[in-house]
Amino acid sequence: MTETWTPLRRVQAALSHREPDRVPLLLPVTLHGAKLLGLSLRAYFSRPDYVAEGQLRLRARYGHDCLLGFYHAPLEAAAWGGEVVYYDDGPPNSGQPPLTIPALDHCQPPRVREAAGLQAVLETIRLLRARAGAEVPVLGVVVSPFSLPVMQLGFERYLELLLEQPARFERLMRLNAAFTVEWANAQLAAGASALVYFDPVSSTTIIPADLYRQTGFVVARRALAQFHGPAVTSFASGRCLPILAEVAQTGTVGVQVSAQEDLADLKARCRGRLAVVGNLNALEMRGWSPEEAEAQVMATIAAAGPGGGFLLADNHGEIPWPVPDEILLAVAEAARRWGAYPLRWAE
């Protein structure tokens, strides 16, 4: 009997290190729904039904294997009192950091139910789950407790805390872990199939591997153990090859990898331990021709697709606003054409 492959089953097979009917395509078009609806980004993110409609229309257009409940990372900092700064042609960013180092001695984590921005995301997830049914995975996103302080404190003050004030650093990690776990499980309860654990500061592009082993690794293992569903770790285009052994021990089921590392080597080292997600260069994508898009997809599938355990995506977790529609269509078509198993052409 021929197996029926849905997007959810396709993704589950790849995360379980098996070959589905074809390589799953995860296309994180978090901003492009605004274009389809003719809205500014500020207006688009102002209503859960706009974001849900945008995600559904984008999937109908490109045929990728997931829907995203994610809006933008500054919403998490906003729950702590931070500011969200909107732009016309790019993702929202964080404004003035809401915390100071001395304030860490007495502050408490916000509650998800009291954060309007987070509640909007949960409503979007519920709408996506209701309209897409059980056959399409809906992905949620959490910023790791270890990376969130960049928005809470600012990068310079966070490095000071990390390197010079261990007691306050540990207190902030426990506060952030409580918030992150509550936020992660709220998304899963709303209907998310899995989570992306967004942890750029842990990448060896940002901090040395030894420092990660003492800090980000410990924090990730503590947090992920409390999630009520699976999570994939994203280093947001940062490198992770030197810390793969530790990442595999955090409880994550996969890793989104950088375009700056050897994908075939990463796949070989992850085989049987971590699914590999990636690693099309999202920044270069805006300058590709359709032919270059196809060539890049082919090369990526050839490097990591054989044997399963691979999901095609970008290397960062968000397709930039300037990437044109014709290139996204070319990526999606190439993924369907060249990703069908068995990958005899890649052998």
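His17 is partly exposed, with a relative accessible area of 29%. This residue sits in the loop between α1 (7-15) and α2 (33-37). Its backbone is worth a look: His17 has a positive phi of about 70°, although it is not a glycine. Keep in mind that the model is predicted.

Ser237 can be read in the same way. Its phi is positive too, at about 75°, and Ser237 is not a glycine either. Ser237 belongs to the loop between β6 (231-234) and α12 (244-247). Its relative accessible area is 26%, so Ser237 is partly exposed.

The table sets out the two residues.

| Residue | Phi | Relative accessible area |
|---|---|---|
| His17 | about 70° | 29% |
| Ser237 | about 75° | 26% |

**Cis peptide bonds**

Next come two peptide bonds. Gly278 and Asn279 are joined by a cis peptide bond, with omega about -20°. Asn279 lies in strand β8, which covers residues 275-280. Another cis bond runs from Tyr341 to Pro342, and here omega is near 0°. Pro342 is found in the segment after α15 (325-338).

**The sheet**

In what order do the 7 strands of the open sheet lie? The order is β1-β4-β5-β6-β7-β8-β9, and the pairing is parallel. Two strands form the edges: β1 (67-68) and β9 (310-314). Each of these edge strands pairs on one side only.

Now look inside the sheet, at β7 and β8. Strand β7 spans residues 254-256. It runs parallel to β8, and 3 bridges join the two. Gly254 has Ala275 in β8 as its bridge partner. Gln256 is partnered with Val277 of β8.

Is β8 enclosed or open to the outside? Buried here means under 20% relative accessible area. By that cut-off, 6 of the 6 residues of β8 are buried, so the strand is largely enclosed by the rest of the structure. Asn279, with its cis bond to Gly278, is part of this strand.

**The whole protein**

How many helices and strands does the protein have? There are 15 helices and 9 strands. The radius of gyration is 19 Å, close to the 20 Å that the globule rule gives for 347 residues, so the protein is as compact as a globular protein of that length. The C-alpha trace spans about 60 × 45 × 40 Å along its principal axes.

Burial can be read for the whole protein as well. Of the 347 residues, 56% are buried. Contacts can be sorted by separation along the chain. Take the contacts with a separation of 6 or more: residues 24 or more positions apart account for 73% of them.

Finally, the surface and the charges. The accessible surface comes to about 13900 Å². Carbon and sulfur atoms hold 51% of that area. The protein carries 31 positive and 35 negative charges. How far apart are the mean positions of these positive and negative charges? They are 6 Å apart.

Methods
Residues numbered from 1 in each chain as written. Predicted model: local features only at pLDDT ≥ 70, side-chain atom pairs only at ≥ 80, totals over all residues. Heavy atoms only, no water. Helix = DSSP H or I, 4+ residues; strand = E, 2+ residues; numbered from the N terminus. Rg over C-alpha atoms; globule rule 2.2 N^0.38 Å. Buried < 20%, exposed > 50% of the residue type's maximum accessible area, 1.4 Å probe, protein only. Contact = heavy atoms within 4.5 Å. Areas by Shrake-Rupley, 256 points an atom, 1.4 Å probe, with all protein chains shown as cover. Lys, Arg positive; Asp, Glu negative; His and termini not counted. Charge placed at Lys NZ, Arg CZ, Asp CG, Glu CD. Pairing = 2+ DSSP bridges.
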